[in-house]
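Subject: Structure for you to look through

Dear colleague,

I am passing on the structure we spoke about, and below it you will find my notes. Please read them with the structure open beside you.

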Amino acid sequence: MLGSRRNSACPALRRQRISWLVGWSPGGGYDTYSRLMEAPLERALEAEVVIENMPGAAGILAARRLSAARPDGRTLGILNGVGMMLAPYSSSRFAPQLETDFTVLGRIVANDPALVTGPELGVTSFEEFVARGRQQPLVFGATGPTTSNVLLEVALARMAGIQIELVLGFPGSQELFNSLLRGDLDATVVSEESIRTMAGLTPLLRFSSAHGSSAARDEEIPELLGEDGMIARHPELFVSAERAAADAEALSSLLSIGRLVAAPPGLPAELHRCLEAATWACLRDEGLRVSVARARRSLDPAPAHEVLAHVRASRHAVAPFADIVKRAVERANR
Amino acid sequence: MGLTSIAEVAWNSLLLVLSWPNILYPVVGTLIAMCVAVLPGVSGATLLALAIPITFGWEPLPIMLLFGALVGGATYMGSVTAILLNIPGTAPNGATVLDGYPLARQGKALTALGCSATASALGSAVGVVVVLLSIPFVAQLILHVGPPEMLVLSIWGLFSVATVIRAKPLRGLATAGLGLMCSFVGLDPATADARYTLGTLYLQDGLALIPVFVGVFAVAEVIDLMASGRRSIADEVGLGGSLLDGARAVFQHWGLFLKSSTIGTVVGLVPGVGGTVAAFVAYGEASRSAGSEGCFGQGDIRGVLAPEAANDAKDAGSLLPALALGVPASAGTALLLAALQTHGIRPGAELMTDGLELVFVLIWSLFLSNLLTSLLGLSFAGPLARLTTVPVRRLAAPILVLAAVGAFSYRGRMGDLWLAFGFGFAGFLMKRYGWPRIPFIIALILGPLFEVNLNLSLSLHRVGRIDLLTHPSILFGVVLLVATVAFPAWQKQRRRRS
């Protein structure tokens with residue numbers, strides 16, 4: 001791979017060893033995307049890319065290490081953009097800031113999470129779900145208190161006026177799915193791609209990102225936003241359709257940040273330019289597109305400047321939810 | 001799908017694995033894994049991570065063949081360094097250390113190696129048989145295991161601490177408590193609050209098991225060997241014992257072997273619980289059932305047999321949750337899932353029916369690899385066992401280097417190196433002043449499993465989804481725990497009377 005005839009996008013990195021940090025365990029979405037990108041990135045940079053899984057603290061540990069690494073281009077990583085936007089509102093004082101503590105190089109894919117229920121709840125549509133939630137509290141599960149699924153669950157409860165109880169601390173999404181199938185939980189919010197790995201769950205609603213990936217979308221799952229979206233078609237399902245639309249727009253903008261390729265802050269200008277170009281070339285690589293499709297995942301690349309525009313637009317979108325998330329988490333941990 | 005059809009698919013898959021050139025993949029994969037896995041910290045998972053980019057263009061069949069071999073081949077070599085040098089190659093080998101190394105110190109390294117190889121190979125075979133029988137209802141079985149069941153399993157495992165601290169109960173309880181406290185270092189799984197992190201980012205991820213094991217056992221032992229003035233590991237007795245004695249021990253204790261293999265397979269089936277828990281739960285159960293007749297922790301061959309059988313039996317079991325539900329049971333199966341997903345192979349019902357042949361190819365490859373490593377291990381055991389007669393002054397530096405490599409290569413963090421040496425010094429002091437290390441290790445391993453599932457069980461109780469006082473698994477667990485404690489006491493009383 002290192003003997004490619006193509007010129008390296010970054011001569012300074014040619015034949016160098018680049019550490020690619022992944023803040024989650026092997027086998028999950030972030031790890032899969034990283035491994036799929038390994039070969040095209042090696043081709044673009046004519047360098048050796050070594051993936052390092054560094055799970056812990058919902059990706060914050062790896063993010064911290066990436067943020068603190070030397071800005072020499074030899075440490076790159078994959079970040080959960082939404083998670084990084086939420087992290088400052090968490091109790092962790094170690095959480096780095098997306099805008100100041102990293103150099104964003106591009107987006108791999110935008111998040112398109114969906115609300116799912118298990119067979120025990122016995123509802124097949126969002127309308128039934130809301131009706132049930134207004135009669136009795138529904139039990140939602142999540143992995144941790146500062147994850148995007150908690151934000152979406154709490155926000156949805158506020159929009160639709162349903163009562164929810166949170167159960168936090170599941171080790172991963174598959175354990176959440178098992179709990180849904182057993183009937184321990186009523187619902188959860190997870191990425192649409194994760195849902196495809198598990199039979200027996202009913203997806204009810206999709207929180208689409210403003211520029212979400214369409215390639216692998218299941219068109220049968222109703223959208224929250226848009227002309228044919230749930231808010232437009234069934235305003236009666238929401239406490240205030242106007243407010244719900246505003247909240248959904250904010251969430252959509254936030255979800256557009258997606259899964260990012262990032263480097264430490266303070267890259268020299270020339271290195272920054274060439275790494276951004278190499279990342280963009282890698283994300284538009286035909287081989288990557290084919291392998292992502294074969295892995296039944298989506299690809300929705302965006303250049304760094306576009307991602308940063310989403311980050312700026314979403315900066316104020318999180319704050320209004322921070323308080324209700326905090327209260328819900330405190331109640332869950334009482 | 002009925003058992004007959006499953007058996008037919010299993011047989012066809014075996015023929016496929018044994019056919020030329022397919023057989024090359026498990027053989028070459030096993031040899032590579034064995035050579036590389038001599039380095040502590042290099043597990044099957046590490047090898048899988050390295051292999052994924054190489055296999056991008058491959059077809060699913062050779063991928064399954066190679067990956068099964070890489071997972072199986074790396075397991076046994078971790079036991080060799082555990083027995084001979086007190087260095088657990090992977091976390092599950094931490095249980096083999098407890099009696100394997102004392103046996104080596106008594107000059108019975110060959111016996112321990114023979115027992116380990118035989119128990120591994122046969123344990124793997126039991127795992128394959130149990131898996132074959134459980135495929136028709138595996139999905140249902142796995143789905144019935146939730147937080148309360150995992151909580152019971154972890155408490156049962158923690159109870160085994162009581163059986164290994166008979167000699168010094170108060171000190172044992174104190175070190176077990178310390179182990180539990182150490183297991184809580186890091187972020188709270190439910191609130192994300194930092195605990196015992198001393199304000200550092202490094203400790204937010206908790207204490208890494210491999211560096212702690214390497215420290216408490218290997219580094220502590222080197223310091224102790226040098227401080228005690230022993231000439232070699234098997235100083236006083238020289239090299240005795242035989243491979244045959246070790247192999248025979250497995251058949252002499254066939255009941256324990258079957259029990260440990262079953263524990264391994266069942267624990268392997270439970271998503272999210274890896275070989276480490278399987279090995280330590282089997283060790284604890286072996287120690288408990290031996291009662292006062294055992295000399296666990298001081299070189300009891302059953303202390304090698306039980307974890308080795310459980311650790312290899314769990315391999316086949318741990319594949320099922322990964323392949324049937326997409327729930328990885330260990331780092332190895334997580335990477336296997338990653339590799340399969342990059343090739344478009346999705347876990348789930350489709351794979352367990354239409355793709356069952358591929359599943360069995362993986363299981364057979366794993367089994368062949370376990371068999372091959374055991375056979376090769378037995379043939380190299382003689383020369384390897386001579387390591388225990390090498391003078392300490394020549395052995396100390398290589399062991400420390402190997403320990404350092406093991407601690408560092410686990411995650412590539414310098415902090416892990418300091419952690420290993422810190423725990424090495426603490427382990428030496430514990431050994432020197434008679435504070436048992438085994439309860440500390442058992443509690444450290446089972447602590448996170450206990451905490452996460454206690455938290456989830458209480459939360460589900462709070463929201464009314466389970467009733468902890470009437471939940472069948474909890475009631476069964478209480479009966480199991482009472483029986484675990486009361487039965488040996490009742491036996492003891494009966495023996496006294498008679």
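Into which domains is chain A divided? In this predicted model, chain A is made up of domain 1 (12-110 + 256-314) and domain 2 (113-254), and the centres of these two domains, taken over C-alpha atoms, are separated by 27 Å.

Strand 2 of chain A pairs with strand 1 (residues 17-22) of chain A in the parallel sense, over six bridges, and one of the residues involved, A:Arg17, has A:Glu48 as its bridge partner.

Next comes the largest nonpolar core, which has 257 residues, and in which B:Leu305 and B:Ile363 touch the most other members. Its largest share, 16 residues, comes from helix 17 (residues 356-385) of chain B. Because domain 1 and domain 2 of chain A both give residues to this core, it lies between them.

Finally, in chain B, helix 5 (residues 93-105) and helix 13 (residues 275-290) pack at an angle of about 35°, with their axes 7 Å apart. B:Gly94, B:Ala95 and B:Leu98 of helix 5 meet B:Thr276, B:Ala279, B:Phe280 and B:Tyr283 of helix 13, and the residues of this contact divide into five nonpolar, two polar and no charged.

Best wishes

Definitions and conventions
Residues numbered from 1 in each chain as written. Chains lettered and ligands numbered in written order. Predicted model: local features only at pLDDT ≥ 70, side-chain atom pairs only at ≥ 80, totals over all residues. Axes fitted to C-alpha atoms, helices over the stretch in contact; angles between N-to-C directions. Helix = DSSP H or I, 4+ residues; strand = E, 2+ residues; numbered from the N terminus. Contact = placed C-beta atoms within 7 Å. Nonpolar A, V, L, I, M, F, W, Y, C, P; charged D, E, K, R; others polar. Core = buried A, V, L, I, M, F, W, Y, C linked by C-beta atoms within 7 Å. Buried ≥ 20, exposed ≤ 12 C-beta atoms within 10 Å, placed from the backbone. Domains from an automatic or database assignment. Pairing = 2+ DSSP bridges.
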